[in-house]
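Me: I would like to learn how to read cavities and domain interfaces. Can you walk me through a case?

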Amino acid sequence: MPQGDGAMLRRLENLDVHNKRVLVRVDFNVPLKDRKVSNDNRLRESLPTLRYLIVQGAKVILVSHLGRPDGKFLDELRMNPIAERLSALLGKPVRKVDECAGPSVHSAIAALKPGEVLLLENVRFYPGEEKNEEAFAQQLAELADVYVNDAFGTAHRAHASTYGVAKLLPSAAGFLLEREVTMLSRATLNPARPFLVIIGGAKISDKIGVMKDFLGKVDQFLVGGGSAFTFLRAKGWSVGKSIVDEKLVDGVKQFVKEAYQQKAEVILPQDFKIAPELKPGVERGFAPADKIPEGWMGLDLGPETIKDFRRRVREAKTIVWSGPLGAFETPPFDEGTRAIAQTILESPQLFAIIGGGDTAAAIEQAGIKNPPNIYISTGGGATLEFLGGRTLQPIEILKM
Ligand code: AMP
């Protein structure tokens, strides 16, 4: 399952960074509210690498994406609030430029002194980024002497700033990326059984492919959140106004068939907490999974499902969990996610890997810091792809 060990990655400590221009790809794709960073976990996770580079006297040039601007400059997705927050966390100024290439960037870099930090603009403002265009990778490479990738959350995307540029400069893995690869590899080298994969969230399209990668390796899939309704529709049930990905109904049917052949159980919710719409304070009720009334939508696991999922978690030895099991940002539709998080925390017999910001936040809200039986990964899609055994090109290229 794991595709290598952190020890195989080229290490930051072996890279000569003193007085060098070091381009660091970070994952600063953080949530914003009123143009301020509303959760700075991802910035904090990058601090060990950044502090190391500062102490070593590197000229630190940071580059990240933010949201999905699709190759266009959008004011609301500029990196300015991130520069501000990062500066407070580092306790030193972080200069921000409004582009990723061109004369203004070159002159800002020329003015950098050892130990100073510069943040480039949102790299996805450039169409060449997601297309991994060689010309754009070249423009990025011209900014620096060496390249460090510390963006594990984006390690499943071979883009110009995560992959193309690594081919053009001496490069190494940052401390965060190295830790993720080491921990995820170790944790699942010989997973103890029963092995459960819990899938939630809204977009099943992101996840069905990776779920297939786990066939033959896991004992049970527990499917909750918005993802469950496409499975229920595949059974031919009506699901009211609940979110369904109609295009994927056939794909899900095929997946369930393959899972059966591979002796993996697909466990779906038996009941839901329902409401006419998703908003705070809305009227709510409960319904069995095959009797969601017209005009209502399933927004969280129901009590029978919570009981069933908790029992399965208590019997498990290894769990991989990605995606909230309800619309957890809007209480009371957070109950299922919280109940499962709490049960994992109370189950010392198991080892759980939690991927994705939403799911990690649910564990954090359950109130335990650094629980020993849980590894919280900074990735969502990247974590699932890595654990499912896919080759992640931005990681491959950093290997010896
Ligand atoms: P994803 O990015 O696919 O992991 O989706 C995360 C989002 O799924 C969160 O914002 C949740 O509020 C949302 N979500 C989870 N369960 C449901 C549901 N039953 N109906 C609508 N949205 C949901």
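Reply: We begin with empty space. Rolling a probe the size of a water molecule over the atoms shows where empty space is left. Here, one cavity of 30 Å³ or more turns up. A cavity is a set of points, on a 1 Å grid over the protein atoms alone, where a 1.4 Å probe fits but cannot get out. The model is predicted: local features need pLDDT of at least 70, side-chain atom pairs count only at pLDDT 80 or more, and totals for chains, interfaces and linings use all residues. Residues are numbered from 1 along each chain as its sequence is written, and side-chain values use heavy atoms, leaving out hydrogens and water.

Me: How much space lies in the largest cavity?

Reply: About 70 Å³. Volume means the space filled by probe spheres set on the points, with grid points joined across faces, edges and corners.

Me: Which residues line the largest cavity?

Reply: Lining residues have an atom within 4 Å of a point. Among them are Arg-42, Glu-45, Asp-150, Phe-152 and Thr-378. By class, the lining has four nonpolar, three polar and four charged residues.

Me: What does the domain assignment of the chain give?

Reply: Domain 1 (6-175) and domain 2 (183-387). Such bounds come from an automatic or database domain assignment. The domain centres, taken over C-alpha atoms, are 33 Å apart.

Me: How is the size of an interface given?

Reply: Often as the accessible area lost when the parts come together. Between domain 1 and domain 2, about 710 Å² is buried (1.4 Å probe, summed over both). Carbon and sulfur atoms give 55% of that area. In domain 1, Arg-42, Phe-152 and His-156 lose the most area to domain 2, together 62% of what that side buries.

Conventions:
On a 1 Å grid over the protein atoms alone, a cavity is a set of points where a 1.4 Å probe fits but cannot get out, and a pocket is an open set with protein on both sides within 12 Å along at least five of seven lines; lining residues have an atom within 4 Å of a point. Ala, Val, Leu, Ile, Met, Phe, Trp, Tyr, Cys and Pro count as nonpolar, Asp, Glu, Lys and Arg as charged, and the others, Gly among them, as polar. Buried area is the accessible area (1.4 Å probe) that two parts lose on being put together, summed over both.
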